[in-house]
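Hello,

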Amino acid sequence: MSETADPRYVVIEGPIGVGKTSLARRLADSLNSDLLLERPEENPFLPRFYEDPRSAALPTQLHFLFQRARQVQELRQADLFGSVRVSDFMLEKDRLFAQLNLDQHEFELYEMVYEKCAMDAPRPDLVVYLQAPADVLLERVGRRGHDYEKTMDYEYLARLAEAYARFFHDYDQSPLLIVNAVAIDPVHNEQDYQQLYRQIRSIRRGRHYFNPGADVFA
């Protein structure tokens with residue numbers, strides 16, 4: 001990506017319920033871009049995982065890994081210079097969930113598979129990390145009303161939010177915009193969205209932070 005061009009491959013990331021898919025959809029519309037979305041409804045093990053995490057964690061995670069790796073592989077093979085792409089996931093997040101949900105032996109098996117699947121994943125021009133605490137995530141998960149998420153609890157979301165925070169604390173593979181998603185509603189609030197959209201289009205390198213009503217700083 002040149003210093004003047006818009007980002008060609010933008011990833012929106014964050015924990016469950018933070019609003020990444022809704023923002024990705026709106027951003028893709030603004031950029032007239034292709035949209036690459038996770039498809040959790042296609043994972044047949046996911047409802048069982050929420051009912052009995054211990055017994056269903058490994059097949060759930062492997063299904064997500066294969067699904068995400070296939071999508072990323074298709075992206076890598078496509079002409080990244082031919083169109084803009086917005087995605088609501090990055091492949092690296094799969095390993096984050098695996099560390100959270102699998103026991104030691106399962107994770108060791110998972111790692112062997114992950115190393116094969118993660119080769120040559122394209123690097124985003126920009127990652128937008130939406131950040132929110134567990135109480136906000138739990139409220140938003142409940143509001144969207146997916147049946148298989150009804151058993152999700154505060155403790156799990158708190159662990160997930162902390163795992164994301166640790167991951168992005170050290171992340172330096174792409175330009176990064178960290179967004180306080182508690183006091184911002186870029187999906188339904190036009191002013192919030194336009195502020196965020198301008199920042200997304202302006203970032204070329206480094207780590208940046210966005211808080212409503214405050215300046216973005218590197």
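**What I found**

Gly-145 is partly exposed, with a relative accessible area of 46%; buried means under 20% relative accessible area, exposed over 50%, and partly exposed in between (1.4 Å probe, protein chains only). Its place is the loop between α6 (134–144) and α7 (154–169). Helices (H or I, at least four residues) and strands (E, at least two) are DSSP runs, numbered from the N terminus. Gly-145 and Met-90 are 55 residues apart in sequence, and their C-alpha atoms are 24 Å apart in space.

**Ground rules**

This is a predicted model: local features need pLDDT of at least 70, side-chain atom pairs count only at pLDDT 80 or more, and totals for chains, interfaces and linings use all residues. Residues are numbered from 1 along each chain as its sequence is written, and side-chain values use heavy atoms, with hydrogens and water left out.

**Confidence**

pLDDT is the predictor's confidence in each residue, from 0 to 100. The protein has a mean of 88, and 92% of its residues reach 70 or more. Among the elements, helix α3 (residues 53–77) has the lowest mean pLDDT, 89. Strand β4 (residues 126–131) has the highest, 96. Where pLDDT is low, the predicted coordinates should not be read in detail.

**Overall build**

There are eight helices and six strands. Along the sequence they follow the pattern β-α-β-α-α-β-α-α-β-α-α-β-α-β. The radius of gyration is 17 Å, close to the 17 Å that the globule rule gives for 218 residues, so the protein is as compact as a globular protein of that length. That radius is taken over C-alpha atoms, and the rule is 2.2 Å times the number of residues to the power 0.38. The C-alpha trace spans about 50 × 40 × 30 Å along its principal axes.

Buried residues make up 47% of the 218. Contact means heavy atoms within 4.5 Å. Of the contacts between residues at least 6 apart in sequence, 76% join residues at least 24 apart. The protein exposes about 11200 Å², and carbon and sulfur atoms supply 49% of that. Accessible areas come from the Shrake-Rupley method with a 1.4 Å probe; for residues, only the protein chains shown count as cover.

**Helix α4**

Seven of the ten residues of helix α4 (residues 92–101) are buried, so the helix is largely enclosed by the rest of the structure. The buried set is Lys-93, Asp-94, Leu-96, Phe-97, Ala-98, Leu-100 and Asn-101.

Arg-25 sits in helix α1 (residues 20–31). Arg-25 is partly exposed, at 49% relative accessible area. Setting aside neighbours within four places in sequence, Arg-25 is in contact with Leu-35 and Leu-37. Leu-65 is 40 residues from Arg-25 in sequence and 22 Å away, C-alpha to C-alpha.

Asn-32 is in the loop between α1 and β2 (34–36). Asn-32 has a positive phi of about 55 degrees, although it is not a glycine. Asn-32 is exposed, with a relative accessible area of 72%.

**Glu-106**

Glu-106 lies in helix α5 (residues 104–117). Is Glu-106 buried or exposed? Glu-106 is buried, with a relative accessible area of 16%. Neighbours within four places aside, Glu-106 is in contact with Arg-54 and Leu-58. Pro-44 is 62 residues from Glu-106 along the chain, with 19 Å between their C-alpha atoms.

Best wishes
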